[in-house]
Amino acid sequence: MSTLSSLSPQPLWQHFATICSIPHPSKHEQAMIDWILSLAQQHQLEHFQDAVGNIIIKKPATAGMEDRQGVILQAHLDMVPQANNDTQHNFAEDPIQPYIDGEWVTAKGTTLGADNGIGGASILAILTSDKIAHGPIEALFTIDEEAGMTGAFGLEAGLLEGSLLINTDSEQEGEVYMGCAGGGDTNLTFAANYQPTTNQQAAIALNIKGLKGGHSGCDIDSGRANANKLMLRVLAAMQQQGLEPILCDIQGGSLRNAIPREARCQLVYDASQKTALIDLVAQQRQAIADEFGKVETNLCIELTEITTPQQSFSARLSSQVIDSLNACNNGVVSMSQDIVGVVETSLNLGVIKRDQQGNIEIKILVRSLIDSSRLQVEASIASLFSLTDAKFSFSGAYPGWKPETDSVLKTVIQDSYQQLFGECPKVMVIHAGLECGLFKSAYPQWDMASFGPTIKFPHSPDEKVEIAAVEKYWQLLLSTLKNIPAKA
């Protein structure tokens with residue numbers, strides 16, 4: 001980590017190195033909270049936590065800038081915990097191990113946490129510096145963004161005084177985001193139902209791995225495969241060929257907002273059809289490789305013979321799970337008619353797992369720039385699974401963030417970028433769930449924008465942040481603060 005501290009801007013990278021050393025996956029942010037509060041105390045900054053646990057820190061303006069409009073700098077505290085299957089890592093206890101890889105910083109076998117650790121580090125660097133020009137600043141560090149936006153949902157009106165909010169949770173340098181998608185969770189449960197296996201049945205394990213995965217919003221249109229959907233495709237092909245696979249176990253993905261990289265299941269089948277089953281999987285493996293080979297260069301689909309268990313799921317339950325999840329839509333549903341090249345609506349079949357009682361649970365995340373479109377996708381999911389024995393519910397819906405046409409903050413950022421780099425940044429809408437839409441509920445008057453450095457493959461162990469982009473992000477952030485206009 002000491003090597004990170006040698007990078008520029010040094011204060012930002014020093015804080016990020018410390019962030020990496022403190023475990024902070026969603027729901028486990030307390031150590032990070034304690035450290036940030038201690039920094040605020042050390043630098044004699046007004047600070048407190050609100051009712052849900054968000055941190056708010058206030059820093060007065062530097063001399064001569066007291067008349068500027070107040071700015072809220074915002075980042076979330078938590079990171080997505082994803083590790084490669086050959087990496088042993090306890091995210092609640094073990095530090096992230098970042099390292100420099102050429103022009104990038106990445107981590108050994110896990111997510112890096114540049115999402116949103118770089119943004120958080122930049123805010124801390126500003127709060128703890130006496131050499132940066134700025135008007136009145138408030139820092140807002142929200143909890144649990146990645147697992148439910150708990151902090152944004154719970155933010156109360158009246159706690160913050162500023163009128164301009166800079167969200168630091170964007171992931172492409174040179175782009176300024178003025179809007180984002182909303183979203184909602186779909187939760188499905190198939191109740192456990194078993195039947196005994198017979199002497200005529202054999203058992204195999206089907207394992208799909210080596211996929212790239214990624215962010216279920218930003219990467220949903222990248223052409224990457226969803227391991228859950230590939231597994232269901234192979235199982236459905238078995239059914240269509242009369243091989244009658246009956247599930248014993250099933251597991252795929254780990255987070256609703258990450259494209260699944262791995263999926264596996266165990267099943268029993270008529271032992272006399274072993275050759276046909278092996279041949280069919282080989283055919284499917286080749287077809288899938290032909291379709292996704294240019295993107296998923298490390299795709300692996302394995303079959304392994306296993307000992308036949310004494311019981312399996314019932315044939316009815318297996319058939320319903322395979323048929324309905326194979327039929328369930330996944331990926332891009334529609335593109336925006338207003339903004340060229342932007343995904344409007346999508347869904348991600350993120351998690352399939354057995355709970356402690358043996359029930360099969362499924363988690364799907366639907367995203368959309370338009371609430372009515374999200375509701376229609378949820379209605380189609382309800383129509384599909386109402387044909388099965390599954391119980392389903394919809395929860396955690398959060399609104400999108402509609403762009404402001406007369407944003408003062410957008411103008412300041414654009415002008416600052418032009419002065420620094422000789423070109424205009426792209427003004428964009430992102431197909432991901434930034435917290436800004438929820439902030440509007442408590443603070444409808446806020447003028448908001450989001451920008452950040454280039455981060456590739458967030459929500460996956462391939463996550464990396466571009467060193468040069470962090471320098472440009474930092475310059476833009478400081479220039480924006482310096483150029484904030486006076487209060488009207």
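**Ground rules.** I'm working on a predicted model, where local features need pLDDT of at least 70 and side-chain atom pairs count only at pLDDT 80 or more, while totals for chains, interfaces and linings use all residues. Residues are numbered from 1 along each chain as its sequence is written, and side-chain values use heavy atoms, with hydrogens and water left out.

**Count.** I took a salt bridge as a side-chain nitrogen of Lys or Arg within 4 Å of a carboxyl oxygen of Asp or Glu. That rule gave me 14 salt bridges.

**D67 and R68.** I found this pair joined by a salt bridge, with 3.8 Å between the closest N and O atoms. D67 is partly exposed at 42% relative accessibility (buried is under 20% relative accessible area, exposed over 50%, partly exposed in between; 1.4 Å probe, protein chains only).

**K209 and E302.** I looked up this salt bridge and got 3.6 Å, N to O. K209 sits in strand 11 (residues 201-209) and E302 in strand 16 (residues 300-306), so the pair ties together parts 93 residues apart in sequence. Strands here are DSSP runs of E, at least two residues, and helices are runs of H or I, at least four, numbered from the N terminus. K209 is partly exposed at 23%, and E302 is partly exposed at 30%.

**E404 and K440.** This salt bridge came out at 3.2 Å, N to O. E404 is in the loop between strand 21 (391-398) and helix 9 (408-421), and K440 is in helix 10 (residues 436-442), so parts 36 residues apart in sequence are tied together. I have E404 as partly exposed at 31%, but K440 as buried at 18%.

**Network.** I also noted K58, E138 and E161 linked in a network of salt bridges.
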